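Student: I would like to learn how the words used for a structure follow from their definitions. Could we go through them with care?

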Amino acid sequence: MIIRVEYFYYLLGILLALVALMSFGDRTNPRRWTTGLFWALYAMVYLVGERLPPAMVGLAMIGMALLAGFGGVKSGKPDVLPDDARRASAARLGHRLFVPALVIPAVTMAGSTLLKDVRIGELFVLDQKHLTLVSLGCAAVVAVGVACWMTRSTPLQAGRESRRLIDAMSWMIVLPHMLAVLGLLFSEAGVGKAVAQVTTTYIGLDSKLVAVAVYCVGMALFTIVMGNGFAAFPVMAGGVGVPVLVAKFGGNPAVMAAIGMFSAYCGTLMTPMAANFNIIPTALLDLTDRNAVIKAQVPTALPLLGANIILLYFLL
Amino acid sequence: MQSTINMWPLLGVAVIVLGFLLRLHPVLVVVAACFTTGFAAFIPVEALLASLGIAFVKTRNLPMIYLLPLAAIGLLERFGLREHAQTAVARMRSATAGRLLIVYLAVRELSAAMGLTSLGGHPNMVRPVVAPMAEGAAQHRNPELSDDQRQRVRAMAAATDNIGLFFGEDIFVAFGAIVLMQTVLRAEGIEVDPLQMALWGIPTAVSAFIIHAWRLHRLDRYLVPAGGGSA
């Protein structure tokens, strides 16, 4: 591969190191040393994570959690253009401002579709195992280039702006990452098997409607706990879907699988464990209630879960 | 069979649920759950730290999706991207927050169904474009938009992105979820055509669109000035 996913780990590592340095030097930040340390530790994970002893990375993760958990990660006073200057430049640049923003999806799509199998000599241009991520990385770099050229700014200014946004999102940035770690630990420790055991042992599955409801609600509940439908699916499909819905009631496995996975997604809409979808946006959109996005989604997720039970009952 | 399964790791789940319910600091809750789960599964401390470290390095790709676009988006915001999105939408006379988000829901769901999942996203579409546009439209209709209403519009913009993505991508044949389902069922000795699974996802995808679009339609009524105005 010519463009590897590791390059973007290093790029992000450099960016985070820059954020750490800027934090150390930011006198408007009441906790600049602990904040800087937090980002420095995170930068280390991206720059040299795979070369460090794993236990040390584990310790770094716990250190970061403690720094964040006890209020050590704060932001400084962001340096933004005054309101009228921003409005004036918005009027001057007009719709052109959308161009770099649209470059990101456009280049990502082009990369993951058109450049997918392209090789130069023996080598694939893009990392085949992380195609979307590498395409997104290239897109982000191209977009920064276009944005700098259009606004006559330097890449360093783009770095400062990243820091402004990273500072605003603060420790919430690492929450999805740490939850993913917990998810892996859950499967290592056999949490999935234990949950399947509980659901299948204590609930009678003699009527088709009850079995369908247990399967769908179980998918959603399991996803709420694990934060990820992909963790719920093997457990519920293996525990209820295949032995009961397919074997006992003679259902169509394709229907069982498709609607089961969508029931899991209803769970994803309702859980803070899926932090990258549900918590990160509250940070990105300056919402005061950390659960605002979940609250906006529950009234869609619950009727949809009901619809899934009905659909599965009749289509199975 | 019952005796071979260790139920103690469920304590980790209990810690998570309790921690979130008591609204403790989420990052601390996660670390506490890691330790509880590890000890309950009889993993020694050193091995547990190593497991955490390996997992932390292995999942490094996750935050990149929302961290990499920040530089370009931040720069555009400095030069007025969000302000421009708001004024641009104010010029569309028939635009309301609800209608705008219904259009976005349709675009997001359909494009995800065609495998174009990167067309949206919270850092690169919702924050700089969709949320300011929805907010601008709401503001245009109701100049005295309260802070609660404003936050509600933004939360709905984020929710719409999620719902469009989730229920669109699963009817795309080459999506990871379909591959996962196929692998799981194959392990159970059942061979299923991926196209079949994608097709049987369509009724739910349509239901998701109808339910959420109806809620977006109602959002407009919530956003009118208190006491007056017809929806």
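Predicted model: local features only at pLDDT ≥ 70, side-chain atom pairs only at ≥ 80, totals over all residues.

Tutor: Residues are numbered from 1 along each chain as its sequence is written, while chains are lettered from A and ligands numbered from 1 in the order in which they are written.

Student: How many helices and strands are there in chain B, and what makes a run of residues count as one or the other?

Tutor: Helices (H or I, at least four residues) and strands (E, at least two) are DSSP runs, numbered from the N terminus. By that definition chain B has 12 helices and 0 strands, and from the N terminus on its elements read α-α-α-α-α-α-α-α-α-α-α-α.

Student: Why is chain B called more spread out than a compact globule?

Tutor: The radius of gyration is taken over C-alpha atoms, and the globule rule is 2.2 Å times the number of residues to the power 0.38. For 231 residues that rule gives 17 Å, whereas the radius of gyration of chain B is 22 Å, well over it, so chain B is more spread out than a compact globule. Along its principal axes, the C-alpha trace of chain B spans about 65 × 45 × 40 Å.

Student: What are the domains of chain B, and where do their bounds come from?

Tutor: Domain bounds come from an automatic or database domain assignment, which for chain B gives domain 1 (2-59) and domain 2 (65-223). The centres of domain 1 of chain B and domain 2 of chain B, taken over C-alpha atoms, are separated by 33 Å.

Student: What does chain A look like in these terms?

Tutor: Chain A has 15 helices and 2 strands, and its C-alpha atoms fill a box of roughly 70 × 45 × 45 Å along the principal axes. Its domain assignment gives domain 1 (1-73 + 155-189), domain 2 (84-152) and domain 3 (190-315), and the C-alpha centres of domain 2 of chain A and domain 3 of chain A lie 35 Å apart.

Student: Is A:Trp39 buried or exposed, and how do you know that?

Tutor: A residue is buried if 20 or more other C-beta atoms lie within 10 Å of its own, exposed if 12 or fewer, and partly exposed in between, with C-beta atoms placed from the backbone. A:Trp39, which lies in helix 2 (residues 32-48) of chain A, has 27 other C-beta atoms within 10 Å and is therefore buried.

Student: Which residues does A:Trp39 touch, and what makes a contact?

Tutor: Two residues are in contact if their C-beta atoms, placed from the backbone, lie within 7 Å. Not counting residues up to four places away in sequence, A:Trp39 touches A:Leu16, A:Val19, A:Ala20 and A:Ser23.

Student: Is B:Asp148 buried or exposed?

Tutor: B:Asp148, found in helix 9 (residues 147-169) of chain B, has 11 C-beta neighbours inside 10 Å and so counts as exposed. The C-alpha atoms of B:Asp148 and B:Leu11, which are 137 residues apart along the chain, are separated by 37 Å.

Student: What share of the residues counts as buried in chain A and in chain B?

Tutor: Buried residues make up 54% of the 316 residues in chain A, and of the 231 residues of chain B 57% count as buried.

Student: What makes a nonpolar core, and how many residues has the largest?

Tutor: A nonpolar core is a set of buried Ala, Val, Leu, Ile, Met, Phe, Trp, Tyr and Cys residues joined through C-beta atoms within 7 Å. The largest has 197 residues, and those with the most contacts inside it are A:Met178, A:Ala257, B:Ala72, B:Leu101 and B:Ala134. Helix 10 (residues 208-226) of chain A gives the most to this core, with 13 residues.

Student: Why is helix 10 of chain A called largely enclosed?

Tutor: Of the 19 residues of helix 10 of chain A, 15 are buried, so this helix is largely enclosed by the rest of the structure.
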